[in-house]
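Visitor: I am new to reading models like this. Please walk me through one.

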Amino acid sequence: MVTGVDTGGSFAALSRTALAVLVPELLLCGQLIDRSGMAHLISAFGREGMAEVAIEEWQASSPWYTRRMQRALKFEGDDVVTIFKGMQLDIGAPPQFMDFRYRVHDRDHGEFWLDHCGALMDVEPLGDAYVTAMCHDIEDPTFDATALATNPHARVRPIHRPPRAPADRHPHCAWTVTIDSSYDPPAVEPHTEALGRTAAVALELSPIDHDGEGRHDYSGPLLADLRFDEFSKPALVRIAEEVCLQHHLLALGFLMSVRKRTDEQSAIELTRKQLTGIAGITSERIRTALGLPRSFAGLSVVLDVHPMLAPDRYVDRVICFDDALGLRINRRGGAFDDGSWPTLIDAEHLGPLDALVRGVDPHFTTRLVSATDEALVVEVFRAESPAKECDEVAITRFSTGSSFVFEDRGIPLPLTVV
């Protein structure tokens, strides 16, 4: 049996500087969940089926996590500025990789455009049919779902969008946002309503106290960019927790949608493939971003903040580290009740955990210690030879987001009404 001291602390154990680096990484990895899952959906259901799942997973999840972030950072409202602030903290729009730019005309009218769309860069090589599926079929209902979380009378409509004509058209796309009380709000989709009943939606996360330096909320003006190092440590802890919860909600929406199209065993297997691919890329990016060693000590930090196992108020787990490293995933708590990612890992399916640990060092692998109705316990050990990268991680690495590097863009300016 693995023994040792719980590493504990999760995000609160990190410094304010480390958290400011980690948050955009978590936002980016949330966007890459689709790169991990969509290839498997195309194989199972074709391009049209893939697009239908993508629509439903974002429709189901984004309204709930958008409202959660608004409440957490105290920028609740019903205007265009509130919609844009929510986008800046959404895994669907990670900074720089999905380089959203904003213009506010008045409280009910605005525009945004993408100076760079990493998702487009990933899909464009596949041809216009896939670009149209993403930029038309998927974006129309999902952009609206995000805006409707703020105001039921909001609509997002394209000015122009891909397929690009000419081929180098820039910005990559542009959209208007209009709030008009004459617009009839659409009915809430059944999958959105169902996800609203999950433990994740109702979960209480770390409160933001006002100790320490930095911004404790986003109640001020809309900024052109968010500099996460301007937030206080308590605010960054909460943001990181909320972003990880966005991962879980999106994955739950994915599983819910896939279940409508296939049998239970196949739905679980498809979602497990999605988890395996994103688990490896995410741990790799976290280790690199935080400058962690390829050691058990470095891995223990990655495990503590990895979205598969975080936030710890949602995923009931214990990470133990002394002369060995062990993980206990308890079969209780919010993630277990919802059937989220940790429930996909069991004695016969350690692949997602192997992908995670090998993202820190390919020599790492897991072995089962025990599996009961109460908990799954595994130990990590170091093999003599590095493992070959699994197919699920290799598929996710196809995205340019897997190697994307964030830049320091200086001090952001407030966006005023034009």
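Guide: This model is predicted, and the mean pLDDT of the protein chain is 95. pLDDT is the predictor's confidence in each residue, from 0 to 100. Of the chain's residues, 98% reach 70 or more.

Visitor: Over which residues is the pLDDT below 50?

Guide: Where pLDDT is low, the predicted coordinates should not be read in detail. Here that concerns residues 1-7, with pLDDT below 50. Beyond near neighbours in sequence, this stretch has 21 contacts in the model (contact means heavy atoms within 4.5 Å).

Visitor: How are two packed helices described?

Guide: By the angle between their axes and the distance between the axes. Take helix H1 (residues 16-72) and H8: the angle is about 155 degrees, and the axes are 8 Å apart. That makes H1 roughly antiparallel to H8 (angles over 145 degrees count as such). The crossing of H1 and H8 is right-handed.

Visitor: Which classes of residue form the contact of H1 with H8?

Guide: There are 17 nonpolar, 6 polar and 3 charged residues. Ala, Val, Leu, Ile, Met, Phe, Trp, Tyr, Cys and Pro count as nonpolar, Asp, Glu, Lys and Arg as charged, and the others, Gly among them, as polar.

Visitor: At what angle do H7 and H8 cross?

Guide: Helix H7 (residues 233-259) crosses helix H8 (residues 264-290) at roughly 150 degrees, and their axes come within 9 Å. H7 is therefore roughly antiparallel to H8. This crossing is right-handed. Among the contact residues are Phe 254 and Leu 255 of H7, and Ile 268 and Leu 270 of H8. By class, the contact of H7 with H8 has 7 nonpolar, 2 polar and 2 charged residues.

Visitor: What rules lie behind these values?

Guide: Residues are numbered from 1 along each chain as its sequence is written, and side-chain values use heavy atoms, leaving out hydrogens and water. In this predicted model, local features need pLDDT of at least 70, side-chain atom pairs count only at pLDDT 80 or more, and totals for chains, interfaces and linings use all residues.

Definitions and conventions:
Axes fitted to C-alpha atoms, helices over the stretch in contact; angles between N-to-C directions. Helix = DSSP H or I, 4+ residues; strand = E, 2+ residues; numbered from the N terminus. Parallel < 35°, antiparallel > 145°, perpendicular 65-115°, else oblique. Left-handed = near helix turned anticlockwise from the far one by under 90°.
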